Amino acid sequence: MLTEILVSPFLDYEFMRRALVGSLALAVSGAPLGVFLILRRMSLAGDALSHAVLPGAAVGYLVAGLSLPAMTFGGLVAGLVVAIATGAASRFTTLREDASLAAFYLVSLALGVVLVSLKGSSVDLLHVLFGSVFGLDDSALVMLAGVSTLTLVALAVFYRALAMDTLDPLFLRQTSRLGEFIPFLFLGLVVLNLVAGFQALGTLMAVGLIMLPAAAARLWTHELAVALPLAAGVAAVCVYAGLVFSNETGAPTGPAIILAAGLVYFASLIFGSAGGALRLKRPRRHLEG
């Protein structure tokens, strides 16, 4: 009985295997970025950028229909524009960065919904907002695998610089030429993963797979080197659990995956050994955030 529920769907149906591979690619690259977002106190930035992708994807949809290359390119451009505009607004005006992000988040979401509605139907709008993980084709899988590989390579190559920029950015700027480059690299990786994620989970759900496993991992360890793979592992387990639950119940797949991640997060809030409500009192060491 358990084999029929947990294993057979992935052996019998190609769409289940595609959904698993594509979602796992997003999970293992996005969740470690979520750890850095939390430690940088930029959780709101991830949410805002996920919605910033929507207008660009909508423009690509208006131009070429449900075309993956067009919507991906449009979302990438829109995400980068909003990231740069948010930084400029917080630097050259009296608004704090969180206020600028909130404003861009609301405007981007509204603009994207209006643009999609101009040409498409409610079905098209739901596809953009919530994705279609069971409908991943070869081009979508290649894009997800490519983004995941690029992200993991960048994290490995620039790990020390990213960690230093997260924990002590002023010291990095004083001691390395990478100090000015790393923040832009990091935001670029976040936008890239959000753009890749909207095809599978939609613009509303993709950020959940980045942030919730990262938040759960943060509650179990103070070690950055442990938190990154732990977040990726949690995300991978939640992807599998969400797909199984969706296949058995008929629930929407993207929300099912995010609900699985939410359950892990709530359990970590209570039992997490490095920040949960029932944790033993231990001295903090390496991570703050």
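**Starting from N193**

Modeller: Happy to. N193 is buried, with a relative accessible area of 0%. Keep in mind that this is a predicted model.

Colleague: Where is N193 placed?

Modeller: N193 is in helix α11, which covers residues 182–218.

Colleague: And which residues is N193 in contact with, leaving aside its neighbours within four places in sequence?

Modeller: Those contacts are L26, S29, G30, L33, V147, T151 and I210. Take G30: N193 and G30 are 163 residues apart in sequence, yet their C-alpha atoms are 6.2 Å apart in space.

Colleague: V147 and T151 turn up in that list. Which residues of α8 are buried?

Modeller: V147 and T151 are among them.

Colleague: Nice. What distance should α8 span, and how far apart are its end C-alpha atoms?

Modeller: Helix α8 has 20 residues, 138–157, so at 1.5 Å a residue it should span 28 Å. Its end C-alpha atoms are 28 Å apart, which agrees.

Colleague: Switching topic: how many aromatic pairs does the structure hold?

Modeller: Five. One of them is Y13 with F15: the ring centres are 5.5 Å apart and the planes are at 35°, so this pair is tilted.

Colleague: Are Y13 and F15 buried or partly exposed?

Modeller: Y13 counts as partly exposed at 42% relative accessibility, and F15 counts as partly exposed at 34%.

Colleague: What about F36 and F186?

Modeller: F36 and F186 form an edge-to-face pair, 6.1 Å centre to centre with 70° between the planes. F36 lies in helix α3 (residues 14–39) and F186 in helix α11, so the pair ties together parts that are 150 residues apart in sequence. Both F36 and F186 are buried.

Colleague: Which residue lies over the face of F186?

Modeller: That is R40, at 4.3 Å from the ring centre.

Colleague: Last one: where does F104 lie, and what does it touch?

Modeller: F104 lies in helix α6, residues 97–119. At 27% relative accessibility, F104 counts as partly exposed. Not counting residues up to four places away in sequence, F104 touches V82, A85 and T86. F104 and V82 are 22 residues apart along the chain, with 7.1 Å separating their C-alpha atoms.

Key:
Residues numbered from 1 in each chain as written. Predicted model: local features only at pLDDT ≥ 70, side-chain atom pairs only at ≥ 80, totals over all residues. Heavy atoms only, no water. Helix = DSSP H or I, 4+ residues; strand = E, 2+ residues; numbered from the N terminus. Expected span 1.5 Å × (residues − 1). Buried < 20%, exposed > 50% of the residue type's maximum accessible area, 1.4 Å probe, protein only. Contact = heavy atoms within 4.5 Å. Phe/Tyr/Trp six-rings, centres within 6.5 Å; stacked < 30°, edge-to-face > 60°. Lys NZ or Arg CZ within 6 Å of the ring centre and 35° of its normal.
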